[in-house]
Amino acid sequence: MEFKNSLEFAQQLDAADPLKDYRNEFHFPKVKGKDVIYFTGNSLGLQPKRTQEYIDEVMTAWKDLAVEGHFHAEKPWWDYHERLAAPLAKVVGAKTKEVTVMNTLSVNLHMLMVSFYRPTSHRFKIICEEKAFPSDQYMLKSQVQFHGLQPEDAIVEIKKREGEHYWRTSDILDKIKEVGDELALVLIGGVNYYNGQVFNMEAITKSAKEVGAFVGWDLAHAAGNVKLKLHDWGVDFAAWCSYKYMNSGPGNLSGVFVHEQYLNRVDIPRFEGWWGTKKETRFLMKPEFEPMENADAWQVSNPPILSLAPYLASLEMFDEVGMEPLIAKRDLIVAYLEFVLGEIDNETAGSFQIITPVERGCQLSVFLHGQGKDLFNYLMDHGVITDWREPNVIRLAPAPFYCSFTDMYHFGQILKSGIQLKGKVK
Ligand SMILES: *Cc1c(COP(=O)(O)O)cnc(C)c1O
(Lines give C-alpha, C1' and ligand atoms only; values in the text may rest on other atoms or scores of the structure.)
Protein backbone atom coordinates (compact mmCIF):
# COMPACT_ATOMS: atom_id res chain seq x y z
CA MET A 1 0.00 0.00 0.00
CA GLU A 2 1.27 3.46 -0.87
CA PHE A 3 0.96 5.65 2.24
CA LYS A 4 0.33 9.38 2.27
CA ASN A 5 1.06 11.74 5.11
CA SER A 6 -2.30 13.49 5.00
CA LEU A 7 -5.33 13.72 7.23
CA GLU A 8 -7.56 12.51 4.47
CA PHE A 9 -5.47 9.39 3.89
CA ALA A 10 -5.32 8.61 7.62
CA GLN A 11 -9.10 8.99 7.82
CA GLN A 12 -9.49 6.54 4.95
CA LEU A 13 -7.40 4.00 6.83
CA ASP A 14 -9.56 4.52 9.90
CA ALA A 15 -12.75 4.11 7.92
CA ALA A 16 -11.47 0.79 6.57
CA ASP A 17 -10.26 -0.42 9.98
CA PRO A 18 -12.32 -3.43 11.12
CA LEU A 19 -11.41 -2.65 14.76
CA LYS A 20 -12.33 1.04 14.64
CA ASP A 21 -15.29 0.69 17.00
CA TYR A 22 -13.10 -0.67 19.79
CA ARG A 23 -11.65 2.78 20.34
CA ASN A 24 -14.97 3.68 21.97
CA GLU A 25 -14.59 0.79 24.37
CA PHE A 26 -11.74 2.57 26.20
CA HIS A 27 -11.37 5.59 28.46
CA PHE A 28 -8.83 8.11 27.18
CA PRO A 29 -7.06 10.60 29.44
CA LYS A 30 -7.64 14.15 28.28
CA VAL A 31 -5.32 17.10 27.78
CA LYS A 32 -7.05 20.46 27.34
CA GLY A 33 -10.36 18.67 26.96
CA LYS A 34 -9.22 16.41 24.12
CA ASP A 35 -8.45 12.69 24.09
CA VAL A 36 -4.72 12.15 24.19
CA ILE A 37 -2.74 10.34 21.53
CA TYR A 38 -1.64 7.39 23.60
CA PHE A 39 1.62 5.63 22.76
CA THR A 40 2.25 3.93 26.09
CA GLY A 41 -0.03 0.92 25.88
CA ASN A 42 3.20 -1.07 26.20
CA SER A 43 3.57 0.32 29.70
CA LEU A 44 0.01 0.66 30.98
CA GLY A 45 -2.91 -0.13 28.71
CA LEU A 46 -5.96 2.13 28.77
CA GLN A 47 -8.96 1.23 30.89
CA PRO A 48 -11.69 -0.64 29.01
CA LYS A 49 -15.07 0.91 29.79
CA ARG A 50 -16.57 -2.46 30.65
CA THR A 51 -14.00 -3.03 33.42
CA GLN A 52 -15.98 -0.97 35.93
CA GLU A 53 -18.95 -3.27 35.56
CA TYR A 54 -16.85 -6.34 36.31
CA ILE A 55 -15.42 -4.76 39.44
CA ASP A 56 -18.82 -3.47 40.55
CA GLU A 57 -20.22 -6.96 40.24
CA VAL A 58 -17.65 -8.27 42.71
CA MET A 59 -18.16 -5.34 45.08
CA THR A 60 -21.92 -5.90 45.02
CA ALA A 61 -21.60 -9.63 45.64
CA TRP A 62 -19.23 -8.96 48.54
CA LYS A 63 -21.68 -6.39 49.96
CA ASP A 64 -24.76 -8.54 49.55
CA LEU A 65 -23.43 -12.05 50.08
CA ALA A 66 -20.16 -11.68 51.99
CA VAL A 67 -18.62 -15.12 52.47
CA GLU A 68 -21.43 -16.75 50.54
CA GLY A 69 -20.03 -15.07 47.45
CA HIS A 70 -17.41 -17.81 47.25
CA PHE A 71 -20.11 -20.19 46.05
CA HIS A 72 -23.18 -18.10 45.29
CA ALA A 73 -21.97 -14.98 43.53
CA GLU A 74 -23.06 -14.74 39.90
CA LYS A 75 -19.48 -15.69 39.07
CA PRO A 76 -18.54 -17.67 42.18
CA TRP A 77 -15.16 -16.68 43.59
CA TRP A 78 -13.81 -20.12 44.43
CA ASP A 79 -13.25 -20.94 40.77
CA TYR A 80 -13.43 -17.41 39.31
CA HIS A 81 -9.85 -17.66 37.99
CA GLU A 82 -10.78 -20.63 35.83
CA ARG A 83 -12.80 -18.29 33.61
CA LEU A 84 -9.59 -16.60 32.49
CA ALA A 85 -7.67 -19.68 31.41
CA ALA A 86 -9.44 -20.46 28.11
CA PRO A 87 -9.35 -16.95 26.59
CA LEU A 88 -5.83 -16.41 27.86
CA ALA A 89 -4.64 -19.71 26.39
CA LYS A 90 -5.77 -18.44 22.98
CA VAL A 91 -3.74 -15.25 23.39
CA VAL A 92 -0.52 -17.13 24.15
CA GLY A 93 -1.02 -20.24 22.00
CA ALA A 94 -1.46 -22.73 24.80
CA LYS A 95 -3.86 -25.43 25.91
CA THR A 96 -6.33 -24.18 28.49
CA LYS A 97 -4.88 -26.47 31.14
CA GLU A 98 -1.39 -25.00 30.62
CA VAL A 99 -2.43 -21.51 31.74
CA THR A 100 -3.24 -19.97 35.07
CA VAL A 101 -3.39 -16.49 36.59
CA MET A 102 -1.75 -15.69 39.91
CA ASN A 103 0.52 -13.25 41.74
CA THR A 104 2.49 -10.68 39.76
CA LEU A 105 5.10 -11.17 37.08
CA SER A 106 8.42 -10.99 38.94
CA VAL A 107 6.97 -13.12 41.73
CA ASN A 108 5.87 -15.73 39.22
CA LEU A 109 9.25 -15.87 37.53
CA HIS A 110 10.73 -16.64 40.94
CA MET A 111 8.07 -19.27 41.60
CA LEU A 112 8.66 -20.90 38.22
CA MET A 113 12.41 -20.94 38.72
CA VAL A 114 11.82 -23.06 41.79
CA SER A 115 10.55 -25.68 39.37
CA PHE A 116 12.74 -25.00 36.36
CA TYR A 117 16.10 -23.79 37.66
CA ARG A 118 17.64 -26.63 39.59
CA PRO A 119 21.37 -26.21 39.10
CA THR A 120 23.79 -29.09 39.54
CA SER A 121 27.56 -28.81 39.90
CA HIS A 122 27.90 -29.25 36.15
CA ARG A 123 24.72 -27.76 34.70
CA PHE A 124 24.07 -24.42 36.33
CA LYS A 125 24.31 -21.65 33.75
CA ILE A 126 21.54 -19.30 32.68
CA ILE A 127 21.46 -17.50 29.35
CA CYS A 128 19.66 -14.17 29.20
CA GLU A 129 19.89 -11.02 27.09
CA GLU A 130 22.22 -8.20 28.14
CA LYS A 131 20.44 -5.28 29.77
CA ALA A 132 17.33 -7.35 30.44
CA PHE A 133 14.50 -5.53 32.19
CA PRO A 134 15.95 -4.64 35.62
CA SER A 135 13.50 -6.77 37.59
CA ASP A 136 14.58 -9.80 35.56
CA GLN A 137 18.23 -9.05 36.23
CA TYR A 138 17.62 -8.79 39.98
CA MET A 139 15.51 -11.91 39.87
CA LEU A 140 18.15 -13.98 38.07
CA LYS A 141 21.00 -12.74 40.23
CA SER A 142 19.18 -13.42 43.46
CA GLN A 143 18.12 -16.89 42.29
CA VAL A 144 21.68 -17.79 41.42
CA GLN A 145 22.94 -16.50 44.76
CA PHE A 146 20.17 -18.37 46.54
CA HIS A 147 21.68 -21.56 45.11
CA GLY A 148 25.12 -20.57 46.42
CA LEU A 149 26.48 -19.58 43.00
CA GLN A 150 28.11 -16.40 41.77
CA PRO A 151 26.21 -14.42 39.13
CA GLU A 152 29.42 -13.85 37.14
CA ASP A 153 29.91 -17.63 36.89
CA ALA A 154 26.32 -18.62 36.28
CA ILE A 155 24.75 -15.84 34.21
CA VAL A 156 25.71 -15.62 30.56
CA GLU A 157 24.45 -12.47 28.86
CA ILE A 158 23.96 -12.36 25.12
CA LYS A 159 25.40 -9.12 23.84
CA LYS A 160 24.47 -7.04 20.86
CA ARG A 161 27.31 -6.50 18.41
CA GLU A 162 29.35 -3.34 18.52
CA GLY A 163 27.41 -0.52 16.86
CA GLU A 164 24.21 -2.59 16.51
CA HIS A 165 20.97 -2.04 18.35
CA TYR A 166 19.50 -5.52 18.23
CA TRP A 167 20.41 -9.09 19.10
CA ARG A 168 21.21 -11.50 16.30
CA THR A 169 19.42 -14.82 16.58
CA SER A 170 22.53 -16.59 15.28
CA ASP A 171 24.58 -15.15 18.16
CA ILE A 172 22.06 -16.51 20.64
CA LEU A 173 21.97 -19.96 19.04
CA ASP A 174 25.76 -20.08 18.91
CA LYS A 175 26.02 -19.19 22.57
CA ILE A 176 23.49 -21.88 23.50
CA LYS A 177 25.61 -24.48 21.69
CA GLU A 178 28.79 -23.15 23.24
CA VAL A 179 27.47 -23.34 26.81
CA GLY A 180 26.02 -26.75 25.88
CA ASP A 181 25.65 -29.20 28.73
CA GLU A 182 26.44 -26.52 31.32
CA LEU A 183 23.27 -24.72 30.32
CA ALA A 184 20.46 -25.12 32.86
CA LEU A 185 18.07 -22.44 31.68
CA VAL A 186 17.41 -19.88 28.98
CA LEU A 187 15.25 -17.02 30.21
CA ILE A 188 14.77 -14.03 27.93
CA GLY A 189 12.16 -11.32 27.46
CA GLY A 190 10.24 -12.48 24.36
CA VAL A 191 9.87 -8.88 23.19
CA ASN A 192 12.59 -6.55 24.44
CA TYR A 193 11.18 -3.66 26.41
CA TYR A 194 13.79 -1.19 25.18
CA ASN A 195 14.24 -1.71 21.45
CA GLY A 196 10.97 -3.54 20.78
CA GLN A 197 12.73 -6.54 19.19
CA VAL A 198 10.70 -9.75 18.98
CA PHE A 199 13.05 -12.65 19.64
CA ASN A 200 12.84 -15.79 17.56
CA MET A 201 11.27 -17.71 20.41
CA GLU A 202 10.69 -20.83 18.36
CA ALA A 203 14.31 -21.22 17.20
CA ILE A 204 15.80 -20.30 20.57
CA THR A 205 13.50 -22.71 22.41
CA LYS A 206 14.34 -25.52 20.03
CA SER A 207 18.06 -24.98 20.31
CA ALA A 208 17.99 -24.78 24.11
CA LYS A 209 15.98 -28.00 24.31
CA GLU A 210 18.57 -29.67 22.08
CA VAL A 211 21.28 -29.09 24.66
CA GLY A 212 18.99 -30.28 27.45
CA ALA A 213 18.20 -26.92 29.06
CA PHE A 214 14.89 -25.59 30.29
CA VAL A 215 13.45 -22.57 28.49
CA GLY A 216 11.30 -19.85 29.99
CA TRP A 217 10.06 -16.60 28.48
CA ASP A 218 9.17 -13.34 30.15
CA LEU A 219 6.30 -12.23 27.94
CA ALA A 220 5.54 -8.86 29.56
CA HIS A 221 5.83 -7.07 26.21
CA ALA A 222 4.68 -10.01 24.13
CA ALA A 223 1.33 -11.08 25.59
CA GLY A 224 -1.48 -9.48 23.64
CA ASN A 225 1.04 -8.04 21.19
CA VAL A 226 2.63 -10.79 19.11
CA LYS A 227 1.76 -14.24 17.84
CA LEU A 228 2.69 -16.83 20.42
CA LYS A 229 2.59 -20.62 20.16
CA LEU A 230 3.95 -21.60 23.51
CA HIS A 231 2.65 -25.15 23.41
CA ASP A 232 3.79 -25.97 19.88
CA TRP A 233 7.18 -24.37 20.37
CA GLY A 234 7.76 -26.65 23.34
CA VAL A 235 8.38 -23.79 25.77
CA ASP A 236 8.72 -25.10 29.33
CA PHE A 237 7.29 -22.10 31.14
CA ALA A 238 6.40 -18.46 30.66
CA ALA A 239 4.90 -15.59 32.59
CA TRP A 240 3.59 -12.15 31.69
CA CYS A 241 1.93 -9.20 33.31
CA SER A 242 -1.56 -8.14 32.34
CA TYR A 243 -1.34 -4.38 32.56
CA LYS A 244 0.65 -3.59 29.40
CA TYR A 245 -0.96 -4.66 26.11
CA MET A 246 -3.55 -6.61 28.08
CA ASN A 247 -5.23 -3.56 29.62
CA SER A 248 -6.11 -5.06 32.97
CA GLY A 249 -5.02 -2.26 35.31
CA PRO A 250 -1.93 -1.00 37.12
CA GLY A 251 0.19 -3.68 38.74
CA ASN A 252 -2.39 -6.33 38.03
CA LEU A 253 -2.04 -10.09 38.08
CA SER A 254 0.28 -12.18 35.99
CA GLY A 255 -0.46 -15.03 33.63
CA VAL A 256 1.56 -18.21 33.79
CA PHE A 257 2.18 -20.98 31.27
CA VAL A 258 3.51 -24.40 32.22
CA HIS A 259 3.89 -26.93 29.42
CA GLU A 260 1.57 -29.90 29.49
CA GLN A 261 4.46 -32.33 30.01
CA TYR A 262 4.95 -31.01 33.55
CA LEU A 263 1.32 -31.16 34.58
CA ASN A 264 -0.15 -33.70 36.91
CA ARG A 265 3.22 -34.79 38.21
CA VAL A 266 4.38 -35.14 41.76
CA ASP A 267 8.10 -35.17 40.94
CA ILE A 268 8.31 -31.45 40.06
CA PRO A 269 9.52 -29.26 42.90
CA ARG A 270 7.27 -26.32 43.53
CA PHE A 271 6.39 -23.94 46.31
CA GLU A 272 2.89 -25.06 47.13
CA GLY A 273 -0.22 -23.70 48.76
CA TRP A 274 -3.83 -24.70 49.19
CA TRP A 275 -5.06 -23.29 45.88
CA GLY A 276 -2.81 -25.72 44.01
CA THR A 277 -4.32 -28.82 45.53
CA LYS A 278 -7.21 -30.68 43.92
CA LYS A 279 -10.31 -28.58 44.15
CA GLU A 280 -12.56 -31.58 44.72
CA THR A 281 -10.86 -32.25 48.05
CA ARG A 282 -9.43 -28.82 48.84
CA PHE A 283 -11.97 -27.96 51.47
CA LEU A 284 -11.50 -31.25 53.28
CA MET A 285 -8.36 -29.53 54.55
CA LYS A 286 -6.30 -32.69 54.25
CA PRO A 287 -2.58 -32.75 55.04
CA GLU A 288 -1.57 -34.26 51.66
CA PHE A 289 -1.03 -32.03 48.66
CA GLU A 290 -2.63 -33.48 45.55
CA PRO A 291 -1.68 -31.22 42.64
CA MET A 292 -4.38 -29.86 40.37
CA GLU A 293 -4.12 -31.51 36.98
CA ASN A 294 -3.52 -28.20 35.27
CA ALA A 295 -1.23 -25.21 35.73
CA ASP A 296 -3.33 -24.28 38.77
CA ALA A 297 -1.02 -26.67 40.66
CA TRP A 298 1.34 -23.68 40.84
CA GLN A 299 -1.30 -21.50 42.50
CA VAL A 300 -0.43 -20.81 46.10
CA SER A 301 -3.09 -18.52 47.52
CA ASN A 302 -6.73 -17.99 46.83
CA PRO A 303 -6.61 -15.31 44.14
CA PRO A 304 -7.72 -11.69 44.59
CA ILE A 305 -11.08 -11.53 42.86
CA LEU A 306 -11.03 -7.74 42.62
CA SER A 307 -7.90 -8.08 40.49
CA LEU A 308 -9.18 -10.98 38.43
CA ALA A 309 -12.29 -9.01 37.47
CA PRO A 310 -10.55 -6.41 35.27
CA TYR A 311 -8.38 -9.10 33.69
CA LEU A 312 -11.51 -11.05 32.82
CA ALA A 313 -13.12 -7.93 31.32
CA SER A 314 -10.06 -7.40 29.16
CA LEU A 315 -9.85 -11.02 28.10
CA GLU A 316 -13.44 -10.91 26.98
CA MET A 317 -12.40 -8.25 24.46
CA PHE A 318 -9.40 -10.26 23.27
CA ASP A 319 -11.71 -13.20 22.84
CA GLU A 320 -14.22 -11.17 20.81
CA VAL A 321 -11.57 -9.86 18.46
CA GLY A 322 -8.92 -12.59 18.34
CA MET A 323 -5.19 -12.11 17.96
CA GLU A 324 -5.11 -12.32 14.15
CA PRO A 325 -7.10 -9.11 13.47
CA LEU A 326 -5.22 -7.31 16.24
CA ILE A 327 -1.90 -8.32 14.72
CA ALA A 328 -3.06 -7.32 11.23
CA LYS A 329 -3.99 -3.84 12.46
CA ARG A 330 -0.83 -3.62 14.53
CA ASP A 331 1.30 -4.26 11.45
CA LEU A 332 -0.52 -1.64 9.43
CA ILE A 333 -0.55 1.07 12.07
CA VAL A 334 3.11 0.56 12.98
CA ALA A 335 4.04 0.69 9.30
CA TYR A 336 2.06 3.90 8.94
CA LEU A 337 3.71 5.40 12.01
CA GLU A 338 7.11 4.48 10.57
CA PHE A 339 6.15 6.17 7.32
CA VAL A 340 4.94 9.32 9.09
CA LEU A 341 8.17 9.47 11.10
CA GLY A 342 10.15 9.23 7.87
CA GLU A 343 8.17 12.08 6.32
CA ILE A 344 8.64 14.34 9.33
CA ASP A 345 12.32 13.44 9.41
CA ASN A 346 12.64 14.64 5.83
CA GLU A 347 10.61 17.78 6.40
CA THR A 348 12.60 18.84 9.45
CA ALA A 349 15.98 17.67 8.15
CA GLY A 350 16.08 15.80 11.43
CA SER A 351 17.96 12.70 12.25
CA PHE A 352 15.58 10.12 13.59
CA GLN A 353 16.88 6.62 13.78
CA ILE A 354 14.52 3.74 14.40
CA ILE A 355 16.46 1.20 16.45
CA THR A 356 13.71 -1.43 16.43
CA PRO A 357 14.64 -4.22 14.01
CA VAL A 358 12.24 -5.67 11.43
CA GLU A 359 11.37 -8.42 13.92
CA ARG A 360 8.94 -6.16 15.70
CA GLY A 361 5.53 -6.01 17.29
CA CYS A 362 3.71 -2.87 18.32
CA GLN A 363 6.66 -0.76 19.44
CA LEU A 364 9.04 1.52 17.58
CA SER A 365 11.98 2.85 19.57
CA VAL A 366 13.42 5.95 17.99
CA PHE A 367 16.57 7.95 18.60
CA LEU A 368 15.81 11.64 18.20
CA HIS A 369 19.32 12.91 17.67
CA GLY A 370 19.78 16.49 18.72
CA GLN A 371 16.48 16.57 20.65
CA GLY A 372 16.16 16.68 24.39
CA LYS A 373 13.58 16.24 27.07
CA ASP A 374 12.02 19.57 26.07
CA LEU A 375 10.61 17.87 22.99
CA PHE A 376 9.03 15.22 25.17
CA ASN A 377 7.50 17.95 27.32
CA TYR A 378 6.20 19.70 24.23
CA LEU A 379 4.54 16.49 23.09
CA MET A 380 2.96 16.04 26.52
CA ASP A 381 1.64 19.62 26.51
CA HIS A 382 0.09 18.91 23.14
CA GLY A 383 -1.66 15.76 24.24
CA VAL A 384 0.79 13.10 23.07
CA ILE A 385 1.78 10.60 25.74
CA THR A 386 5.02 8.85 24.88
CA ASP A 387 7.72 7.14 26.83
CA TRP A 388 11.02 8.94 27.02
CA ARG A 389 14.33 7.33 27.94
CA GLU A 390 17.33 9.51 28.54
CA PRO A 391 19.13 10.87 26.69
CA ASN A 392 16.92 10.88 23.59
CA VAL A 393 15.05 7.65 22.95
CA ILE A 394 11.33 7.77 22.51
CA ARG A 395 9.27 4.59 22.61
CA LEU A 396 6.06 4.60 20.59
CA ALA A 397 3.56 1.79 20.84
CA PRO A 398 0.28 2.44 18.99
CA ALA A 399 -1.83 -0.30 20.57
CA PRO A 400 -4.14 -1.62 17.86
CA PHE A 401 -7.17 -1.90 20.13
CA TYR A 402 -7.57 1.84 20.57
CA CYS A 403 -5.08 3.86 18.51
CA SER A 404 -6.17 5.31 15.20
CA PHE A 405 -4.39 6.13 11.97
CA THR A 406 -5.56 9.72 12.42
CA ASP A 407 -3.67 9.71 15.74
CA MET A 408 -0.51 8.82 13.81
CA TYR A 409 -1.04 11.67 11.38
CA HIS A 410 -1.73 14.23 14.14
CA PHE A 411 1.27 12.98 16.08
CA GLY A 412 3.47 13.63 13.04
CA GLN A 413 2.22 17.21 12.80
CA ILE A 414 2.73 17.89 16.51
CA LEU A 415 6.19 16.32 16.37
CA LYS A 416 7.09 18.50 13.43
CA SER A 417 6.05 21.74 15.09
CA GLY A 418 7.76 20.64 18.32
CA ILE A 419 11.03 20.11 16.51
CA GLN A 420 10.72 23.34 14.56
CA LEU A 421 9.88 25.39 17.66
CA LYS A 422 11.95 23.81 20.36
CA GLY A 423 14.62 21.68 18.75
CA LYS A 424 16.40 24.68 17.33
CA VAL A 425 16.30 26.63 20.57
CA LYS A 426 18.44 24.14 22.50
C1 LIG B 1 6.98 -4.71 32.82
C2 LIG B 1 7.97 -5.79 33.00
C3 LIG B 1 8.11 -6.44 34.24
C4 LIG B 1 7.31 -5.96 35.43
O5 LIG B 1 7.25 -6.91 36.43
P6 LIG B 1 6.21 -6.77 37.63
O7 LIG B 1 6.58 -7.89 38.49
O8 LIG B 1 4.84 -6.84 37.06
O9 LIG B 1 6.44 -5.44 38.28
C10 LIG B 1 9.00 -7.49 34.32
N11 LIG B 1 9.73 -7.88 33.25
C12 LIG B 1 9.63 -7.26 32.05
C13 LIG B 1 10.44 -7.71 30.89
C14 LIG B 1 8.76 -6.19 31.90
O15 LIG B 1 8.66 -5.56 30.73
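**Labels and their cut-offs**

User: What makes part of helix 9 buried, and which residues are they?

Analyst: Met201, Ile204, Thr205, Ser207 and Ala208 are the buried residues of helix 9 (residues 201–210). Buried means under 20% relative accessible area, exposed over 50%, and partly exposed in between (1.4 Å probe, protein chains only). Helices (H or I, at least four residues) and strands (E, at least two) are DSSP runs, numbered from the N terminus. The model is predicted: local features need pLDDT of at least 70, side-chain atom pairs count only at pLDDT 80 or more, and totals for chains, interfaces and linings use all residues. Residues are numbered from 1 along each chain as its sequence is written, and side-chain values use heavy atoms, without hydrogens and water.

User: What covers the buried residues of helix 9?

Analyst: The cover includes helix 8 (169–179), strand 9, strand 10 and helix 10 (230–233). Just after helix 9, glycine 212 has a positive phi of about 85°.

User: How do you know that asparagine 192 is buried?

Analyst: Its relative accessible area is 2%. The limit is under 20%, so the label holds. Asparagine 192 sits in the loop between strand 9 and helix 9. Beyond its neighbours within four places in sequence, asparagine 192 contacts Glu129, Trp167, Gln197 and Phe199. Contact here means heavy atoms within 4.5 Å.

User: What makes strand 6 and strand 8 edge strands?

Analyst: They belong to an open sheet of seven strands, with order 6-12-11-10-9-7-8 and mixed pairing. Strand 6 (99–102) and strand 8 (155–158) each pair on one side only. The average twist from one strand to the next is 20°.

User: Why do strand 13 and strand 16 stand at the edges?

Analyst: The sheet is open, with four strands in the order 13-14-17-16 and antiparallel pairing. Strand 13 (352–354) and strand 16 (387–389) each have a single partner strand, so one side of each lacks a neighbour in the sheet. Strand 14 (residues 364–368) and strand 17 (residues 393–396) pair over four bridges in the antiparallel sense. Serine 365 has arginine 395 as its bridge partner in strand 17.

User: Why is the pair of phenylalanine 71 and phenylalanine 283 called edge-to-face?

Analyst: Rings of Phe, Tyr and Trp (its six-membered ring) pair if their centres lie within 6.5 Å; planes under 30 degrees apart are stacked, over 60 edge-to-face, and the rest tilted. Phenylalanine 71 and tryptophan 78 are tilted, at 5.7 Å centre to centre and 40° between the planes. For phenylalanine 71 and phenylalanine 283 the centres are 6.0 Å apart and the planes stand at 75°, so the pair is edge-to-face. Phenylalanine 71 lies in helix 3 (residues 69–72) and phenylalanine 283 in the loop between strand 12 and helix 11 (305–321), so the pair ties together parts 212 residues apart in sequence. Phenylalanine 71 is partly exposed at 44% relative accessibility, and phenylalanine 283 is partly exposed at 36%.

User: What makes lysine 75 count as sitting over the ring of tyrosine 54?

Analyst: The rule asks for NZ of Lys or CZ of Arg within 6 Å of the ring centre and within 35 degrees of the ring normal. The charged end of lysine 75 sits over the ring of tyrosine 54, 4.8 Å from its centre. Arginine 270 has its charged end over the ring of tryptophan 298, 4.6 Å from the centre.

Technical notes. Pairing = 2+ DSSP bridges. Axes fitted to C-alpha atoms, helices over the stretch in contact; angles between N-to-C directions.
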